[in-house]
Amino acid sequence: GNTLNNTVSISIPGVNDSNPSNNSFVDSDTLVEDIGEADLSITKVDDVDPIGPDGTLTYTIAVTNNGKGKDISVLRLLDALPSEIKNPTFINPSEGAVSGSFNATTNLWEIDWTGLDLDKETITFQNQGAIAADAEPSTINNVVSVSAPGYLDKEGENNTATENTTIELSADLAITKDDSLTQVNPGDNIT
């Protein structure tokens with residue numbers, strides 16, 4: 001957007017200032033376009049809960065413009081994946097173009113999406129990863145946020161969603177017992 005600069009200066013006529021470099025200040029603010037009643041919101045759900053180590057977990061993210069404002073054709077998603085999720089992939093939505101990157105150090109997706117007018121529409125994204133083989137039983141938290149760069153969202157409290165997923169250890173135990181005998185006589189020892 002455009003920048004608004006507000007400059008203030010001070011001086012005293014007839015007085016020599018020993019440090020005139022601090023006699024003025026410029027405050028700069030970036031102007032954002034007011035999208036009126038537009039209101040982005042985001043939800044996130046997991047497909048398996050609870051899940052065990054080595055399981056594949058898919059998150060579905062839905063972004064909606066609930067307002068009556070302008071169409072928004074550029075979105076920014078920030079998706080902080082839990083460290084227990086390994087080798088994540090981002091599944092493109094069926095409409096629009098996605099660009100972005102995944103930072104393996106911070107486990108953060110930064111995704112920009114373009115291509116669809118969003119007025120009163122919902123766009124769905126997915127990301128997927130494997131739970132680490134050495135993951136301990138716990139609850140992991142996945143936080144995602146959405147914004148429309150250059151626009152003001154007057155209902156920002158619904159621009160972030162958290163999905164909690166429980167990691168549980170599981171086992172598939174089985175037991176058999178066989179004495180290798182088909183007949184037993186009274187008094188026989190069976191091992």
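Three aromatic pairs turn up when the whole structure is searched; rings of Phe, Tyr and Trp (its six-membered ring) pair if their centres lie within 6.5 Å, with planes under 30 degrees apart counting as stacked, over 60 as edge-to-face and the rest as tilted. One of them joins phenylalanine 90 and tryptophan 109, whose ring centres are 5.7 Å apart and whose planes meet at 55°, so this pair is tilted. The two partners come from distant parts of the chain, 19 residues apart: phenylalanine 90 belongs to strand S7 (residues 85-91) and tryptophan 109 to strand S9 (residues 108-114). Strands here are DSSP runs of E with at least two residues, helices are runs of H or I with at least four, and both are numbered from the N terminus.

Before going further, a word on what you are looking at. This is a predicted model, in which local features need pLDDT of at least 70 and side-chain atom pairs count only at pLDDT 80 or more, while totals for chains, interfaces and linings use all residues. Residues are numbered from 1 along each chain as its sequence is written, and side-chain values use heavy atoms, with hydrogens and water left out.

Buried means under 20% relative accessible area, exposed means over 50%, and partly exposed lies in between (1.4 Å probe, protein chains only). Tryptophan 109 also forms a tilted pair with phenylalanine 102, 5.0 Å centre to centre and with 50° between the planes. Phenylalanine 102 is partly exposed, with a relative accessible area of 26%. Ring pairs tie Phe90, Phe102, Trp109 and Phe125 into a cluster.

Now step back to the overall layout. The protein has 13 strands and zero helices, and buried residues account for 29% of its 191 residues.

Two strands pair if DSSP finds at least two bridges between them. S6 runs antiparallel to S9, with seven bridges joining them, and leucine 77 stands opposite isoleucine 111 in S9. S6 is also joined to S11 by five bridges, again antiparallel, and here leucine 78 stands opposite serine 145. In a regular strand the side chains alternate between the two faces of the sheet. The covered face of S6 holds Leu75, Leu77 and Asp79, while Val74, Arg76, Leu78 and Ala80 make up the uncovered one.

Asparagine 142 stands opposite glutamate 163 in S13. Glu163 lies on the covered face of S13 together with Ala161, Thr165 and Ile167, and the uncovered face carries Thr160, Thr162, Asn164 and Thr166.

Past strand S13 (160-167), the following segment contains valine 184, which counts as partly exposed at 45% relative accessibility.
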